[in-house]
Amino acid sequence: MKLENRYKDSPPTPFWRDWLMRRHVELLVILFVLVQPFGESFYLPVIILLLLSLNGFYREGIRSLPNLSLYASVALLLTIPLVIASVSAYKIDKTLITALYFVLYAVAGVYVIRRFAKSFSSDFLFYGIAAILMFWTFDALIQYFVGHNLFGWPYNGYRLTGIFHPKIRIGIVFAHLSPFLIEAGRRLSLRSGQNWHWLLLAPYFAVVLLSGSRSAWLTLLVVWFVYAVILLRRRDIKTIGQIFLILAVSIGTSMLISDKLKNRLEQTLRGLSTDPEAINTATSLRIEAWQGAWQLFLDAPVTGVGVKALGDLGFQRGYTSIPFGHAHFYGLDVLMVTGIIGFVAYLIAFGLVFWKAAVSVWHETKTFPFWLAAGAIMLPFNMHWEFHGVRSIAWLWMLLFIAFAAEYRYQNTTSTKTKTIGH
């Protein structure tokens, strides 16, 4: 009796604390995006998720988890080849540490899946990330037109860097997060009944163009192709026309204000020819890196040479004239690092993610923006980052386990509704 009275007299949980408990995973994902420009601070939300996941295993075990067979399959396909590659790796320690990274990220993702299966606000996630991207967009445009951004970081006169200064990273980040911004705009349009929200894409596209990253352009083209397919299937010609007008205005205006962008676009178009020199220029002189990576693959074709080998080993063996950091081509990078074993495993993992993305896009499920982002980060022809690099691993896993978490959430919601209707 006394125990019941004690609980009855206890004060109610404050609203903000209850909200924080329900939305802390979405906040950690948003924090992961927010701190990207600031060095290695993106580890903070990942470490928190990892600790929460380990605590969840300790307290709840696997009782409350959904079926993780597909998620575990992708994790194993990406991790085991690295362990095998350590047998013949040039840098065994770094190769094994990279494999450990994959394991830890996969474990951290289990907590996201566990929590999203219970509570998930996709609107909050989309709008939160979109707000960050739009702030970065206008900050970058201020840098271009004024000469420095709101933080005082200068424009280098060649490629826009924005808040990521001095790293030339803003275009890549924008391209990979574009499904979140586009989806936020789509949801705002549905809520208001107006399409003016699409106008926000014009400055966003301009920043991607002015970043000068051809890889970002290509990734953004893939994303927009998918959305064009969806709109064509809906026969929403009006929206297609509006978006193409925005694209035309963004490209035209950007070319008018930047001769360097115009020259870069012309170089890119010339790369479509059969002239090796034109192709080399269009790919930012990456042909030599590709040749060096291919030669290293031939040195250890089955198991690969491990991570961080191209810069030292490729240069030492005379395969490259300068020490390249990585192969600048995801497929070739995986082939060089983990050999045929890892490459086949990577293609299977990508195939699973691509299949989920294709199904979600075709049926226009609630998960398609998440799977689209996850599929885009795994594309074999990505040329901007090293597939096994610290930052690219973080982006890969964050987008992967958000996609899986959203999938399990909506599967759970659908099955619950079906059971309710059945009863």
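Where is P166 found?

Modeller: P166 is found in the loop between α6 and α7. Before we dig in, this is a predicted model, in which local features need pLDDT of at least 70 and side-chain atom pairs count only at pLDDT 80 or more, while totals for chains, interfaces and linings use all residues. Residues are numbered from 1 along each chain as its sequence is written, and side-chain values use heavy atoms, with hydrogens and water left out.

Let's stay in that loop. The peptide bond from H165 to P166 is cis, and its omega is near 5 degrees. As a rule, most peptide bonds are trans, and most residues other than glycine have a negative phi. G162 has its place in this loop too, between α6 and α7 (170-192). With a relative accessible area of 0%, G162 is buried (buried is under 20% relative accessible area, exposed is over 50% and partly exposed is in between, with a 1.4 Å probe and protein chains only). What does G162 contact, leaving aside its neighbours within four places in sequence? The list is D139, A140, Q143, N149, W153 and I170, where contact means heavy atoms within 4.5 Å. W136 is 26 residues from G162 in sequence, yet the two are 7.0 Å apart from C-alpha to C-alpha.

Most of α7 is covered, as 18 of its 23 residues are buried. Just after α7, G193 has a positive phi of about 75 degrees.

K308 does so at about 60 degrees, in the loop between α13 (287-299) and α14 (310-316), and its 36% relative accessibility makes K308 partly exposed. H328 also has a positive phi of about 60 degrees. H328 is found in the loop between α14 and α15 (330-362), and H328 counts as buried because its relative accessibility is 16%.

Another loop deserves a look. S119 lies between α5 (92-116) and α6 (122-146), and S119 is buried at 17% relative accessible area. Its side chain makes a polar contact of 3.0 Å with that of R23 (a pair of N or O atoms within 3.5 Å; within protein one must be able to donate a hydrogen and the other to accept it, and residues adjacent in sequence count only if both atoms are side-chain atoms). Leaving aside neighbours within four places in sequence, S119 is in contact with R22, R23, E26 and R409.

R214, for its part, lies in helix α9 (residues 214-234) and counts as buried at 11% relative accessibility. R214 and M383 are 169 residues apart along the chain, but 8.8 Å separates their C-alpha atoms.

Now the wider picture. The chain has 17 helices and zero strands, and buried residues make up 52% of its 423 residues. Of the contacts with a separation of 6 or more, 74% come from residues 24 or more positions apart. The largest nonpolar core holds 130 residues, and L78, M378, W397 and L400 have the most contacts inside it (such a core is a set of buried Ala, Val, Leu, Ile, Met, Phe, Trp, Tyr and Cys residues joined through side-chain atoms within 4.5 Å). Helix α17 (residues 390-422) gives the most to this core, with 16 residues. Neighbours within four places aside, M378 is in contact with L78, Y330, Y346, A349, F350, V353, L396 and L400.

A search of the whole structure finds three cavities of 30 Å³ or more. (A cavity is a set of points on a 1 Å grid over the protein atoms alone where a 1.4 Å probe fits but cannot get out, and lining residues have an atom within 4 Å of a point; points are joined across faces, edges and corners, and volume is the space filled by probe spheres set on them.) The largest cavity has about 70 Å³ of space. Eleven residues line the largest cavity, and Y158, L210, S258, K260 and L261 are the closest to its centre. α8 (201-210) and α11 (259-270) are the elements giving two or more residues to that lining, and α11 gives the most, with three residues.

Technical notes: Helices (H or I, at least four residues) and strands (E, at least two) are DSSP runs, numbered from the N terminus. On a 1 Å grid over the protein atoms alone, a cavity is a set of points where a 1.4 Å probe fits but cannot get out, and a pocket is an open set with protein on both sides within 12 Å along at least five of seven lines; lining residues have an atom within 4 Å of a point.
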